[in-house]
Amino acid sequence: ASKVYSALHHAHENNIVHRDIKPQNILISKDGTVKVADFGIARAVTSSTVTMAGANVIGSVHYFSPEQARGSYVDKKSDIYSLGIVLYEMVTGVVPFEGESAISVALKHIQEQVTPPGEINPDIPKSIQYIIQRALEKKLENRYHDAAEMLNDLKRALKEPDGAYVKRLPTDDQATRVIPRIELDKENNKNRNKEKYE
């Protein structure tokens with residue numbers, strides 16, 4: 001795994017985003033050499049890099065990021081998301097999103113949260129579960145900054161499998177919700193009566 005991260009980190013340092021990280025593009029030779037292959041749809045990253053949503057070279061639907069699904073800006077964190085999907089599949093045996101069509105899978109990447117891998121395989125250490133979930137954050141800014149940061153957490157997971165050291169931003173607790181109506185007049189009257197008899 002460390003060699004995959006090193007290869008990606010090297011590409012990212014040179015401002016290259018692979019855009020098609022998936023198991024089929026991770027090759028292991030008989031002597032254990034690991035290579036990340038098929039940079040066929042990789043792109044040099046600029047401030048205006050976007051995926052080509054109208055073309056057939058957008059990536060592999062089960063592994064691509066929400067921003068690729070939307071045809072919007074991609075950067076190295078898009079590869080982090082795809083690598084998170086690969087790790088998810090490695091520890092659970094399934095990809096997080098399935099659907100009847102490529103479009104339905106793409107929409108799930110954009111709209112749905114993944115089932116925590118520990119719910120599928122209870123034997124997954126907490127640290128690995130948290131690492132995967134951070135890599136699969138919908139918002140780019142909530143994911144790992146780069147492959148090196150993710151690799152550091154994975155190395156630490158070997159020593160502290162149940163550690164809670166993975167940094168994750170809190171989810172939005174301010175989502176729209178229905179709350180009971182507050183009876184202000186009744187509350188004010190109660191307070192006035194209370195003051196009157198004290």
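**Chatting through the helix packing**

Biologist: Of the contacts between residues at least 6 apart in sequence, what share joins residues at least 24 apart?
Modeller: In this chain 61% of them do, with contact meaning heavy atoms within 4.5 Å. Keep in mind this is a predicted model, where local features need pLDDT of at least 70, side-chain atom pairs count only at pLDDT 80 or more, and totals for chains, interfaces and linings use all residues. Residues are numbered from 1 along each chain as its sequence is written, and side-chain values use heavy atoms, leaving out hydrogens and water.

Biologist: OK, what's the secondary structure of the chain?
Modeller: Eight helices and four strands, taken as DSSP runs numbered from the N terminus (helices are H or I with at least four residues, strands are E with at least two). From the N terminus the order is α-β-β-β-β-α-α-α-α-α-α-α.

Biologist: How do the axes of H1 and H3 cross?
Modeller: H1 (residues 2–13) and H3 (residues 76–92) have axes that come within 11 Å and cross at roughly 165 degrees. Axes here are lines fitted to C-alpha atoms, for helices over the stretch in contact, and angles between N-to-C directions run from 0 to 180 degrees. H1 and H3 are therefore roughly antiparallel, the label for angles over 145 degrees.

Biologist: Which residues make that contact?
Modeller: Val4, Tyr5, Leu8 and His12 from H1, with Lys76, Asp79, Leu83 and Leu87 from H3. That's five nonpolar, one polar and two charged. Nonpolar covers Ala, Val, Leu, Ile, Met, Phe, Trp, Tyr, Cys and Pro; charged covers Asp, Glu, Lys and Arg; the others, Gly among them, are polar.

Biologist: Switching topic, what about the axes of H6 and H7?
Modeller: Those of H6 (residues 126–135) and H7 (residues 147–159) come within 9 Å and cross at roughly 165 degrees, so H6 and H7 are roughly antiparallel to each other.

Biologist: And who touches whom there?
Modeller: On H6, the contact uses Ser127, Ile128, Ile131, Arg134 and Ala135; on H7, Glu149, Met150, Asp153, Leu154 and Ala157. By class, the H6–H7 contact has six nonpolar, one polar and three charged residues.

Biologist: What does Gln129 touch?
Modeller: Pro116, Pro117, Gly118 and Ile124, leaving aside residues up to four places away in sequence.

Biologist: Last one: how much of the chain is buried?
Modeller: Buried residues are 39% of the 198 in the chain.

Technical notes: Parallel < 35°, antiparallel > 145°, perpendicular 65-115°, else oblique. Buried < 20%, exposed > 50% of the residue type's maximum accessible area, 1.4 Å probe, protein only.
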